[in-house]
Amino acid sequence: MTRPWWRGAAFYEIYVRSFADSNDDGIGDLPGITSKLEYVKRLGVNAIWLTPFYPSPQKDHGYDVADYYDVNPEYGTLVDFDELLASAHERGLKVLVDLVPNHTSDQHLWFQAALSTRDDPHRGFYHFADGKPDGSPPNNWRSRFGGPAWTRDESSGQWYLHLFAPEQPDLNWWNPEVLAEFERIVRFWLDRGADGYRIDVASALFKRKDLADVPMVKDPLSGMLRPDPAFLITDQPQVHQVYRRWRQILNEYQPDRVLVGEIFEPQRQSRYILPDQLNMAFALIPAGWDAILWRRSIEIDMIALHGPGVAPSWTLSNHDVVRHVTRLGGGSIGRERARAALLLLLGLPGQVFLYQGEELGLEEVNLDPESRQDPLFIHTEGKHAGRDGCRVPLPWKKGEPNAGFSTKPPWLPMPPGWDRCAVSAEDASASSMLSFYRRALAARRRLSPWLPPVIWWQPSPQGVLVYRRDRLTVACNFLGYPVRVPVAGRLVIASAPLATLDDGWLTLPESSAAWLDAVWAE
Ligand code: NOJ
């Protein structure tokens with residue numbers, strides 16, 4: 001049996017609105033992406049994941065879908081999508097489409113019909129319920145963007161459920177019609193040639209049927225109220241039936257089309273990552289720069305997902321989290337750690353998901369409140385900074401207005417000096433983050449066919465992690481000073497120029513990592 005293409009693959013997330021702008025309106029689009037596929041290919045990834053590009057009022061930048069069968073006119077047309085796909089396939093790049101099944105936009109025709117009268121058949125597509133006798137919402141659930149998870153529909157007096165923004169009403173997956181609609185949608189993009197889907201909030205589709213109040217706790221990270229994890233309001237067992245059905249549908253096309261679930265909690269993933277359901281879910285490394293936290297995070301993800309052919313999909317950043325150069329300390333130290341972190345992750349078994357701009361070493365942007373557009377910022381009245389800071393458009397050309405993204409002001413403003421990390425500048429420098437990403441991904445491609453899906457942690461000084469994967473040794477120094485570790489093999493790649501190998505001893509400068517190969521010959 002040959003290995004399916006996605007096992008061990010490197011994926012590149014394209015945030016469509018911010019990647020490349022072909023018509024100079026300040027907003028990224030599909031033809032812009034097509035024009036940069038050579039750049040993506042040269043980076044050395046196997047596939048791209050496109051964030052939602054459907055018609056949408058953009059209340060959550062595409063995660064509020066108004067029509068699942070078309071392209072947002074700001075981003076292009078279905079013909080542009082077909083061209084993008086053909087052009088990616090010509091280069092051997094696979095393409096994943098983002099599927100948003102948990103909720104629609106409030107502008108979707110289903111929801112508009114549902115609002116029209118109480119007995120419209122589409123009413124049952126959503127969760128409408130009467131409030132409590134005291135006039136409060138049907139239960140105490142909270143929106144993940146802040147405030148109650150219910151909004152009152154003034155004309156009927158009932159409330160509708162939305163786990164995200166009020167403009168994102170949740171679909172009622174207990175209704176078989178919803179299931180049938182999504183089977184058509186799943187087929188639509190597969191028919192056009194998509195290689196699979198990333199599924200938004202994949203464990204949330206079914207809500208507990210009694211819509212009962214649940215105890216709420218404060219999330220230690222965000223400070224926001226969320227249901228006590230012991231009282232699940234989502235993640236109901238019926239969701240697995242949906243994924244079994246979708247898996248069957250994908251298999252009718254080709255068994256190697258993939259389903260990637262947006263599920264982060266490692267303990268949940270093993271119920272979804274099964275031969276008859278999803279292929280992958282994300283293993284996001286949330287830790288700061290600390291050897292023990294990293295090792296724990298890696299171990300938890302690897303233990304949660306074990307079994308033949310199953311391995312985590314490592315992720316340092318995506319469009320919902322603070323860019324990791326900033327998380328790791330920012331500035332030059334953040335960038336050094338980010339290089340080391342990449343080597344640490346790329347050596348592990350499993351897939352890797354990169355987020356556009358991390359290959360340039362981009363940092364989180366501290367935008368003015370007036371420029372922020374994220375519903376998380378808006379609905380928490382600024383208490384949560386929101387996610388715009390990691391979504392600022394990519395800098396393509398040094399010295400050009402708006403770093404060559406567009407001559408019109410981009411939809412999110414760029415900070416001064418944004419073009420220092422422009423592709424044109426980094427392309428020209430062998431020591432840039434971009435060149436390092438290309439070298440690291442190339443080394444991974446060269447070695448990965450020979451590597452088993454397991455790692456062995458090696459004894460190492462405190463603050464240093466060393467693991468072996470058969471012939472490959474990966475060593476990472478988290479400390480603020482150089483260390484020497486005994487290793488076997490020859491140096492393949494290091495994150496810092498001053499890493500040296502001398503008679504079986506590797507000297508690793510502060511915050512750096514290296515790969516050694518016991519069999520290596522150039
Ligand atoms: C997860 C997406 O990644 C995020 O951007 C979005 O706001 C929520 N799901 C709701 O769709």
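Guide: Of the 522 residues in the protein, 58% are buried (under 20% relative accessible area with a 1.4 Å probe, protein chains only; over 50% is exposed, and partly exposed lies in between). The model is predicted, so local features need pLDDT of at least 70 and side-chain atom pairs pLDDT 80 or more, whereas totals for chains, interfaces and linings use all residues. Residues are numbered from 1 along each chain as its sequence is written, and side-chain values use heavy atoms, without hydrogens or water.

The fold comprises 14 helices and 21 strands (DSSP runs of H or I, at least four residues, and of E, at least two, numbered from the N terminus). The radius of gyration, taken over C-alpha atoms, is 23 Å, close to the 24 Å of the globule rule for 522 residues, so the protein is as compact as a globular protein of that length (the rule is 2.2 Å times the number of residues to the power 0.38). Its C-alpha atoms fill a box of roughly 80 × 50 × 45 Å along the principal axes. Of the contacts (heavy atoms within 4.5 Å) between residues at least 6 apart in sequence, 66% join residues at least 24 apart.

Leaving aside residues up to four places away in sequence, S105 touches P57, D64, V65, A66, F111, E167 and P169.
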